[in-house]
Amino acid sequence: MDRAEQRALRKRQKKEERARRRAAREPSVLVQEFWNLPNMLTLGRIFLIPVFVWLTYDADPYSSLLAAAVFAVAAITDVVDGYLARQWNLITVVGKFMDPLADKLIVMAALVMMVRLGRIAAWVVIVLLARELIVSGLRTIAASEGMVIAAGQEGKWKTSLQLVGIISLCVHYEHLIDVGFYAAPVDFNKVGQLLVYLSGAFSVWSAVVYFRAFLAMLARRGSGADAQKA
């Protein structure tokens, strides 16, 4: 066997050895955490975003109803994956990152598309997105300092009004609503605008509450440090 053949043999043996080591290696903790049902539902919510955007481009009555249905499914999976994660004790680092990210991405996509279609004023969307950035920033700073700011009731009202409002804006067109004892046409765009405006008010309120809670935590922490020094 000449030198070239020996080098080729050693190279092949090293390659095979690396392949054996990779096959025997345990998957990382993050990979193990990723493959559970709550995280799969969250990932599915992210995959629904391009479908939703595609449906809102046509903006005809049928596509608008489908877009509203897709957004409603995404909102339902948000509730379901959180419930399953808590009940099955599957709260993971991956889930903590992906869940709020998926929520913000699909809401942002929906609001931007509603502005594009002229179904909601741009300034309302700016207020809503600015609130999310401010609160996320406060949470990040608080977490880095070992503090937790609990979500208030006003934030939950904001989320509920916002989701129902976006679904109504997606429907957009006037439809006859018949509940048996009463039937009347409903302009879903006006209903959606009203709900989103209300969610904007709750957004500003909740941001103020978050900021006050953050300052109160800093004050308590500062007074505790001063007391220890004394």
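Predicted model: local features only at pLDDT ≥ 70, side-chain atom pairs only at ≥ 80, totals over all residues.
Visitor: How many helices and strands does the protein chain have?
Guide: The protein chain has eight helices and two strands. Helices (H or I, at least four residues) and strands (E, at least two) are DSSP runs, numbered from the N terminus. Along the sequence the pattern is α-α-α-α-α-α-α-β-β-α.

Visitor: And how much of the chain is buried?
Guide: Buried residues make up 33% of the 230 residues. Buried means under 20% relative accessible area, exposed over 50%, and partly exposed in between, with a 1.4 Å probe and protein chains only.

Visitor: Let's take α3. How far does α3 reach?
Guide: Helix α3 covers residues 37-58, which is 22 residues, and reaches 33 Å from its first C-alpha to its last, close to the 32 Å expected at 1.5 Å a residue. The expected span is 1.5 Å times one less than the number of residues.

Visitor: Where is the kink in α3?
Guide: The kink, of about 25°, is at Leu 48, shortly before the proline Pro 50. The bend at a residue is the angle between axes fitted to the seven residues ending there and the seven starting there.

Visitor: What happens at the start of α3?
Guide: A side-chain oxygen of Asn 36 comes to within 3.0 Å of the backbone nitrogen of Asn 39. Asn 39 itself is in α3 and is buried, with a relative accessible area of 3%. The side chain of Asn 39 also makes a polar contact of 3.3 Å with the side chain of Thr 92. A polar contact is a pair of N or O atoms within 3.5 Å; within protein, one must be able to donate a hydrogen and the other to accept it, and residues adjacent in sequence count only if both atoms are side-chain atoms.

Visitor: What follows α3?
Guide: Ala 59 does, with a positive phi near 65°. Ala 59 is in the loop between α3 and α4, and at 14% relative accessibility Ala 59 counts as buried.

Visitor: Switching to charges. How many salt bridges are there?
Guide: The count comes to seven. A salt bridge is a side-chain nitrogen of Lys or Arg within 4 Å of a carboxyl oxygen of Asp or Glu.

Visitor: Which residues pair with Arg 45?
Guide: Asp 78 is one of them, with the closest N and O atoms 3.6 Å apart. That pair links distant parts of the chain, with Asp 78 in helix α4 and Arg 45 in helix α3, 33 residues apart. Arg 45 also forms a salt bridge with Asp 103, with the closest N and O atoms 3.0 Å apart. Arg 45 lies in α3 and Asp 103 in α5, so this pair ties together parts that are 58 residues apart in sequence.

Visitor: Is Arg 45 buried or exposed?
Guide: Arg 45 counts as buried, at 1% relative accessibility. Asp 78 is partly exposed at 24%, and Asp 103 is partly exposed at 21%.

Visitor: What about Glu 132 and Lys 158?
Guide: Their side chains meet in a salt bridge, 2.8 Å from N to O. Glu 132 lies in helix α6 (residues 122-144) and Lys 158 in helix α7, so the pair ties together parts 26 residues apart in sequence. Glu 132 and Lys 158 are both buried.

Visitor: Which residues do shared partners join into one network?
Guide: Salt bridges that share partners join Arg 45, Asp 78, Asp 81, Asp 99 and Asp 103.

Visitor: Last one: what comes after α7?
Guide: His 172 follows α7, and its phi is positive, near 65°.

Technical notes: Residues numbered from 1 in each chain as written. Heavy atoms only, no water.
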